[in-house]
Amino acid sequence: MGILQELLKNIPVPKMVKVKQHFDDAKIENLEAVLQEKLQRESIKQTIKPGMEIAIAVGSRGLDQLVTLTKVTVQYLQDLGAKPFIVPSMGSHGGATAEGQQEVLAHLGVTEETVGCEIRSSMEVVKLGELPNGLPVYIDKYASKADGIVVLNRVKPHTAFRGPVESGIQKMISIGLGKQKGAEACHQLGFKYMAENVPAMAKMIMEKTPILFGVATVENAFDKVARVEVLLQNEILEKEAELQAQAKQLLPKLFFEQIDVLVIDEIGKNISGDGMDPNITGRYPTPYAHGGPDVNKMVVLDLTRETEGNANGVGTADFTTQRLVDKMDLEFTYANGLTSTVVAPTKIATTLPNDKQAIQAAIKTCNILDFTQVKMVRIKNTLHISEIEVSEALLEYINNHPQMEQASELYEIPFDENGNLR
């Protein structure tokens with residue numbers, strides 16, 4: 001028996017219980033009809049002239065009903081006599097290649113066939129100018145030549161900075177449409193200044209290019225569209241902040257102030273840009289964002305298939321498994337850190353041979369006297385937290401909480417003969 005096994009062999013793993021968390025699940029039942037109605041506003045129609053070539057900026061995030069949002073927008077523009085085309089707008093994602101970015105869109109269901117228009121993908125950009133602080137401002141080559149630009153994105157709190165506007169239409173304009181160069185420029189001075197630089201870059205791009213309108217969604221705690229708005233260029237700066245405030249209220253959360261050990265079954269770029277959403281875990285990649293539970297030790301057990309080896313976020317955890325590390329694509333993972341300039345999440349957490357030992361290591365180091373009383377929470381990933389597992393020590397808290405209910409009896413965590421979760 002090695003020293004690690006010797007240190008961990010007597011650490012007890014607590015019995016767990018399934019728990020349901022209750023969130024506001026109000027959503028738009030017929031998104032297509034609601035968006036079509038919003039697009040009928042006369043002031044929106046007046047921005048379109050027959051024959052105009054219009055670039056539609058579509059990103060790499062898995063928005064709810066992304067194909068519907070894109071297809072309805074394309075059809076609307078075509079009905080008014082315009083010639084829309086899609087521009088992948090995702091900074092450095094897709095390996096920072098034109099082909100890779102088109103593949104990302106295809107993964108999300110957005111192809112020329114599904115949305116009914118051409119996709120023009122390029123990493124070439126045009127420099128529009130510089131901010132007073134010296135940061136260059138770029139825009140996609142194809143978008144720069146278009147007669148109009150429409151931007152499509154979800155509005156939600158960012159994972160690494162706080163400001164009136166975080167992740168949404170303005171970020172899509174400044175970083176998404178800026179491709180690799182724009183993403184690098186916006187991240188150059190770090191997340192400390194992101195709340196200033198994102199709107200400043202977006203403002204310059206809106207002044208120098210024909211951004212017509214933005215289609216913005218707000219999703220509920222179950223990642224379903226709860227609200228959709230069509231914002232004219234002059235409304236984006238003012239109204240996006242209001243949408244973000246609503247998005248923050250609807251954000252799902254773990255209803256705990258303090259957790260000794262948080263176990264996360266899987267992380268990946270398809271779940272969050274950070275692998276796991278820090279707004280849920282309370283663990284942020286920078287000191288410029290806050291919120292969520294105080295977690296003493298965090299364990300991540302595996303990568304999603306869709307993340308294709310990009311393990312950005314594993315360094316935010318304290319412990320991981322050899323299985324996860326074996327699946328890592330270091331080039332993809334490190335490229336993430338080099339672009340964002342935040343490299344702590346791309347480090348490799350303390351690695352244990354299997355799930356059981358990773359969990360035991362977290363319990364051993366979580367700074368409590370009685371390990372049998374560990375307050376442990378286990379989630380599949382940060383997208384799915386309406387049903388979670390909690391340890392016996394949290395049962396009384398659960399039963400007194402208005403938004404949580406016990407959904408099973410206590411049970412032992414099932415490990416196989418290799419120490420991995422069944």
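What follows is a set of questions and answers about this predicted model.

Q: How many helices and strands are there in the protein?
A: Let's start with the overall build. The C-alpha atoms fill a box of roughly 75 × 40 × 40 Å along the principal axes. As for secondary structure, the count comes to 16 helices and 16 strands.

Q: What is the radius of gyration of the protein, and what does the globule rule give for 422 residues?
A: The rule gives 22 Å for 422 residues, and the protein's own value is close to that, so it is as compact as a globular protein of that length. Buried residues make up 56% of the 422. The radius of gyration itself is 23 Å, against 22 Å from the rule.

Q: Which strands stand at the edges of the open sheet of 8 strands?
A: The strand order is S13-S12-S11-S10-S14-S15-S1-S16, with mixed pairing. A strand at either end has a single partner, so one side of it is left without a neighbour in the sheet. That makes the edge strands S13 (350-352) and S16 (404-406).

Q: Which residue of S12 is the bridge partner of Val300?
A: Strand S11 covers residues 294-300 and S12 covers 319-321. The two run parallel and are joined by 2 bridges. Within S12, Val300 has as its bridge partner Thr320.

Q: Which helix packs on the sheet and touches S10, S11, S12, S13 and S14?
A: Its direction makes about 170° with that of S12. The helix in question spans residues 355-364, and its name is H15.

Q: How many residues are in the second, separate core?
A: Val151 belongs to the largest core, and its contacts beyond four places in sequence include Ile173, Leu177 and Val215. Val215, though, is listed in the second core, along with Ile48, Leu66 and Val150. The size of that second core is 35 residues.

Q: How many residues of strand S6 are buried?
A: S6 (residues 136-140) pairs antiparallel with S5 (residues 125-130) through 5 bridges, and Val126 stands opposite Ile139. The hairpin has 5 residues between the strands, with Gly134 at a positive phi near 95°. S6 is largely enclosed by the rest of the structure, because its buried count is 5 of the 5.

Q: Is Lys141 buried or exposed?
A: Lys141 sits in helix H7 (residues 141-145). Not counting residues up to four places away in sequence, Lys141 touches Ser122, Glu124, Val125 and Val126. The cut-off for burial is under 20%, so at 17% relative accessibility Lys141 counts as buried.

Q: What is the relative accessible area of Lys179, and what is that of Gln65?
A: Neither is a glycine, yet Gln65 has a positive phi of about 55°, and Lys179 has one of about 55° too. Gln65 is in the loop between strand S2 (53-58) and helix H4 (66-79), whereas Lys179 is in helix H9 (residues 179-187). Lys179 is buried, with 0%, while Gln65 is partly exposed, with 31%.

Definitions and conventions
Residues are numbered from 1 along each chain as its sequence is written. This is a predicted model: local features need pLDDT of at least 70, side-chain atom pairs count only at pLDDT 80 or more; totals for chains, interfaces and linings use all residues. Side-chain values use heavy atoms; hydrogens and water are left out. Two strands pair if DSSP finds at least two bridges between them. Helices (H or I, at least four residues) and strands (E, at least two) are DSSP runs, numbered from the N terminus. Contact means heavy atoms within 4.5 Å. Axes are lines fitted to C-alpha atoms, for helices over the stretch in contact, and angles run from 0 to 180 degrees between N-to-C directions. A nonpolar core is a set of buried Ala, Val, Leu, Ile, Met, Phe, Trp, Tyr and Cys residues joined through side-chain atoms within 4.5 Å. Buried means under 20% relative accessible area, exposed over 50%, partly exposed in between (1.4 Å probe, protein chains only). The radius of gyration is taken over C-alpha atoms; the globule rule is 2.2 Å times the number of residues to the power 0.38.
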